[in-house]
Amino acid sequence: MRYKTPKIASIIEWSTLLLSTCLVCFFLLVVLWEIISKGASKLSWEFVFSVPTDGMTKGGVFTPVIGTVLLTMITALFSIPFGVSCAIYLNEYAENNWLTRTIRASIRNLSGVPSIIYGLFGLALFVQALQFGTSMLAAGLTLGLLSLPYIITTTEEALVRIPNSTREAALAIGATKFETIKDVVVPSAMPGILTGVVLTLSRAAGETAPILFTGAAFYINRSTGYLNEEFMALPYHLYMLSTQHQSIEEVRPIAYGTALVLVIVVFLMNLTAFYFRYKYRKNEN
Amino acid sequence: GNRDNSIKMKGSDTEVNLAVNLAEKFAAIDPAFNIAISGGGSGLGITSLLNGQADIANSSRPLSEEEIQQFKNKGIALRTIVFAEDATAFVVHRDLPLEEIDVLTLGKILKGEIRNWSELTTTHLPINIYGRQSSSGTHSFVKKKLNIEFSTAAKEMTGNAQILEGVKADKSGIGYVGAGYVAHEANANQSVKILKIKESETEIARSPTDPESINHRLYFFQRPLYQFVIEKSWHKVKPLVDFERSPQGKQLIEAHGYYIIE
Amino acid sequence: MRTKLSAESLNLSFGTKQVLKSINVSFNEHEITALIGPSGCGKSTLLRSFNRMHDLFSYAHIDGKLKLEELDLYDKTVPVTEIRKRIGMVFQKANPFPKSIYENIAYGLRINNLPHGKDVVEKALREAFLWEEVKDDLKMPATRLSGGQQQRLCIARAVALRPEVILMDEPCSALDPVSTLKIEELITHLKEKYTIVIVTHNMQQAQRIADKTVFMYLGEIKEEGATQDIFNFPKNEVTANYIKGQFG
Amino acid sequence: MRTKLSAESLNLSFGTKQVLKSINVSFNEHEITALIGPSGCGKSTLLRSFNRMHDLFSYAHIDGKLKLEELDLYDKTVPVTEIRKRIGMVFQKANPFPKSIYENIAYGLRINNLPHGKDVVEKALREAFLWEEVKDDLKMPATRLSGGQQQRLCIARAVALRPEVILMDEPCSALDPVSTLKIEELITHLKEKYTIVIVTHNMQQAQRIADKTVFMYLGEIKEEGATQDIFNFPKNEVTANYIKGQFG
Amino acid sequence: MRYKTRISLDNLFKIVFKATGLLVLALLGGIFLMLIYNSFSFFLDVRPLDFITGMEWNPTGKTPKYGMLPLILSTTLVTLGAMVIAIPLGIGTAAFIAEYASPRLKNILKPAIEMLAAIPSVVIGFLGIVVLSPRIADMADLSNGLNALNGAILLAIMALPTIITVAEDAIHAVPNTYKEASYGVGATKWQTLRKVVIPAAFPGIIAAIMLGVGRAIGETMTVLMATGNASMFPTGMFDAVKTMTATIAIEMGEVPYQTTHYYALYAIATVLFFMTLIANMLGEYFINKFRKYHAV
Ligand SMILES: Nc1ncnc2c1ncn2[C@@H]1O[C@H](COP(=O)(O)OP(=O)(O)OP(=O)(O)O)[C@@H](O)[C@H]1O
Ligand SMILES: Nc1ncnc2c1ncn2[C@@H]1O[C@H](COP(=O)(O)OP(=O)(O)OP(=O)(O)O)[C@@H](O)[C@H]1O
Ligand SMILES: [Mg+2]
Ligand SMILES: [Mg+2]
Ligand SMILES: O=P([O-])([O-])[O-]
């Protein structure tokens, strides 16, 4: 009988947490069910590999798929090296003084800056000042900029978690600072870094606001993949199909199909990264 | 900079679907043809021309004085093409007991002076206005034509289609869209009702889907659809414009619910 | 006996708290010096200042002259890795890399351009008397080892590199007497080639292996000298009390 | 003497590696039992299984009966916190919370609804002979203390709660002889009220304070009995060798 | 590798890291400068006070009105609604996953949450149009479900994964030794969670909430698609609202450069920027207060 109170209390405590988890899962299931059940009928290789036709009321989503893939590649190529280096600089090199703290605070703050503001900045910097025009390159770099603070913050969080004694261990055997970082600190922090990068990139791939003014087009008739041309992207395509297209009702199945493809593309990216992370962890053990 | 054979077309949401279809058909004839088309509203198209981000702007309104000046200041020469005639349709829910409306009353509704359908009909519902965003040529066209300011309660939908969606579901909604968006509504099972417009209480109400009225320029909200082309890009755009004017192009335009007036 | 490592009027403070007070000390080549003193007196801090581990803390202020032979350890033109390569360290709390047992040894060898084959790793683990226990689990994360095993791993890692000086901060604290004796044997063996400084709380250990003993108290060096002298004829009263405390 | 804590045919493995093999052992009330044995033999693992610290590792498989008086420690209906409240623990590697020194002590008191004023904290720190060294830095993060200071802090934290059983995993490994003696005094003093199990590598320490000694080897208990008997008349050859300091 | 090479590599990378670090900082700093420069131009035309406290937003009217109070209010309404839902759910779920879930369940839940995070905002907005808003309209007997509530629920769903993942990572990263120490003094799991684990993971949790709020405030597509976009003064969760982000998205494309309206949109962006700044600075404050104990 001594344990009665704690037990009931702990059941209540436990179920509060369980309930919130269930609710979150419910949200996910609703979203997935809606998209899969309504989009599945459209989904086929043909849908993915054919271009939109008949004023986008028929055909598939090949053009936007290509656009999104290329766009994400530009984003990754820009943001990962710069983001990770910047985090390493801040955490391993910069002295922990007020300046660094201010910079860190600013970067944290920048990860809360609305993505549309990055769109404005991309417009001003890449489209206008650097004369890239509304183009794949401008949009990709804009998304890259948007991703930077996230990558920096998550990378830094992962780095901070490595205890100093681990760094000391490497330094004490004569490793240079760079070697310590490359061989000990970064590998130990890798799962955290990877998680951050993955989440950031999949987010970037699904972003619409920053590419609104920097290069996304309602329609292009051929996907040439040139960096200086406008492009179609899956998220923008879905936005257009669900709000702008002439016959929203008629293209709704295509919209669902597009949503499903977009979700699949993003999930595939995540799975690839999960795989890397899993492999990494296995190696570590 | 753009590659030589690649065209950027931006602007009117009213025209964008038509433009896509035209481009698609033309691309079948000329495989080297390469175009990117975006909507966003006439204002967006014109601004993009100014900013060097487009070769053609589709516009459902003429250039404003201010814009003409801006082009002059920047030293950008334009060609103006009128390629079709549009009739802006006002739509309400199909259950609303209202068939026609005069311009003055319509203005009051859009201004927010008349706030309840009970003032016009037997329905007791507050009026919901489904409008367009300010970059819309249609938006400024209606505003100018009625000489009003829109009520701030008006929802700003980002495209014609969203307005239709809204009105379809909303028993108390009213909205406006280009003719192309209701072309099929006239005969199909009518998910929205197209209001007939009369210029004053006494005149005949006319429908935007009635070619007769349009051809005689009798519908109150009728207007030309423009394309502005940057002179410098004219050489690459010309084949497309020629295609629009070909019989096949004209046929497409009409099939989309717009009109050709010679 | 040549002086290998020395500190001259070394003062060190963390923020406003002074932890080392005008330390003058030198450690001879081919000798083992024991550093003893009550907990918190600054032994680890002194040891760490020789291979510049305090560089990691911006709030640590250090002044004085520290030298490895004629080399000024805090000279800006001397690469710190060079120093750390020549001065190895075993930390008070075992800090294996979060990598496999094998990698823990191989890594240091590899970056220092030393042979790093399986045989070398095995030899190092054997020297620290760890081989038998781990030979089947070389791929296991080192963090899963028992406390004493981790400590021996860290000793193996440091010794494998054959630095000129080895600083050991209580290397046997988590070890049973048998392993301790074996490690002591290793240390004694190593002294023929290297300079060794060892922090220990174990007075018998100090007497067994140290040639010289340094007694620290509240951030100062109270007494130093040949081990036998310190333990049998302490000059300073504090030293005497401390040493008696342990026999008493 | 009543049996307070006991294990009956306890087997424990990490993955496929068996670390404890059919352990049968009991610890008496008001007695100090020393647990000795070479590094890696399973002492920490045994200790940790009494307050269910292996629950944290999914790859640990445990079976057998562990009891606190008549209470089955692995009974699903018994809240594990209840067990841990009654069985205190001092870990082998000092693990202060990343909080201030003061909070390190006050925290445990607070969540157990014990008085947790400044005076209680002071008393606990005094008992572990840490007060004088930290009284001006109570707000400093405990992670900045020296190794031995951290260890004493952890002892203070555990002892402050006055659990029925105190498990200590090498509580004095990082301590100098003087502090060690004082901690031993504290432990001897505590045994009047509590049951104490202590892992130690220090044979003198075991002889000084333990009533009973248990010798472990390769995951098994080789011998147990009154401390004097074990050290003077070991029955088992392995035990004898270990105590004599010759092995392998 | 030869010793010289190693040292020069070390030096090289020191410079590389520093240079990239500074470049990134310069780029990100550029955002700030751009905002300030353009807003400054705006305030040459319009009084700041009129801008902040003006009750009407109508830049294209005959007499343009640049009052952004209704926009601020709309954004606040939607974000607050979203956070009321997302913060407790998020932290609860994070704690559940980190502390209670069996390894097997965890292996299902974590990827599930990451999946939810991966779902693009435009998809959520789309579902807001086709699934949620009709339900809301039905239940509340409205003609149209495109309103603040619709937006808030959608934003909550979108902020949740961010909050959960980051908070869970933080909770999980709390070293076992702290938990052992707490269990060692007899704390219950719940007590340990609340008094040791959550405080130890506090910076991460604050970061989680911050990222969540940031995502909600900054989200453009969902609100653009799902909240109705009426620039009138919002009076409740059932009103159609036009948030600051949606205003920028709708109006940016059309405005000619270097006009008052153009600057006005940058001014909105600046206000948005400062809203997030305030939230984040509060977060920073707590983080620093706590980080002290994580040193060494
Ligand atoms: N988490 C773990 N995973 C796998 N193996 C482990 C784990 N913890 C301990 N072991 C192994 O179990 C054995 C016993 O470890 P334990 O920590 O109990 O030793 P110990 O007697 O306390 O040694 P020491 O005196 O060195 O601390 C060792 O071989 C160790 O490598
Ligand atoms: N990073 C730090 N910040 C502030 N004070 C510190 C720090 N490191 C050590 N100290 C303080 O400096 C003094 C000396 O610490 P040090 O670790 O050198 O002691 P020690 O002689 O090694 O003790 P022990 O035998 O307990 O390990 C102690 O009072 C300790 O609290
Ligand atoms: Mg020390
Ligand atoms: Mg142990
Ligand atoms: O899209 P618009 O035709 O109204 O500019």
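This is a predicted model: local features need pLDDT of at least 70, side-chain atom pairs count only at pLDDT 80 or more; totals for chains, interfaces and linings use all residues.
Residues from chains C and D surround ligand 2, so its site is shared between chains. The magnesium ion is ligand 3, and its coordinating residues are C:Ser44 and C:Gln92.

**Shell around ligand 2**
- The shell holds 20 residues, and the nearest are C:Ser39, C:Ser44, C:Thr45, D:Ser146 and D:Gly148.
- By class, 11 of the shell residues are polar, 5 are nonpolar and 4 are charged.
- Three elements each supply at least two shell residues: strand E2 (17-28) and helix H1 (43-50) of chain C, and helix H6 (147-160) of chain D.

- The side chain of C:Ser39 places an N or O atom 2.6 Å from an oxygen atom of ligand 2.
- For the side chain of C:His201, the corresponding distance to a ligand 2 oxygen is 3.1 Å.
- D:Gly148 uses its backbone: an N or O atom there lies 2.6 Å from an oxygen atom of ligand 2.
- The protein buries 93% of the 630 Å² that ligand 2 exposes when taken alone.

**Magnesium site**
- C:Ser44 (OG) and C:Gln92 (OE1) coordinate the magnesium ion at 1.9 to 2.1 Å.
- This pair links distant parts of the chain, 48 residues apart.
- C:Ser44 sits in helix H1 of chain C, while C:Gln92 is in the loop between strand E6 (87-90) and helix H3 (101-111).
- C:Ser44 has 18% relative accessibility, so it counts as buried.
- C:Gln92 is also buried, because its relative accessible area is 17% and the cut-off is under 20%.

Key
Residues are numbered from 1 along each chain as its sequence is written. Chains are lettered from A and ligands numbered from 1 in the order in which they are written. Side-chain values use heavy atoms; hydrogens and water are left out. A residue is near a molecule or strand if one of its heavy atoms lies within 4 Å of it. A polar contact is a pair of N or O atoms within 3.5 Å; within protein, one must be able to donate a hydrogen and the other to accept it, and residues adjacent in sequence count only if both atoms are side-chain atoms. Accessible areas come from the Shrake-Rupley method with a 1.4 Å probe; for residues, only the protein chains shown count as cover. Helices (H or I, at least four residues) and strands (E, at least two) are DSSP runs, numbered from the N terminus. Ala, Val, Leu, Ile, Met, Phe, Trp, Tyr, Cys and Pro count as nonpolar, Asp, Glu, Lys and Arg as charged, and the others, Gly among them, as polar. Donors are N, O and S atoms within 2.8 Å of the metal (3.2 Å for Na, K and Ca); water is not among the atoms, so sites may look incomplete. Buried means under 20% relative accessible area, exposed over 50%, partly exposed in between (1.4 Å probe, protein chains only).
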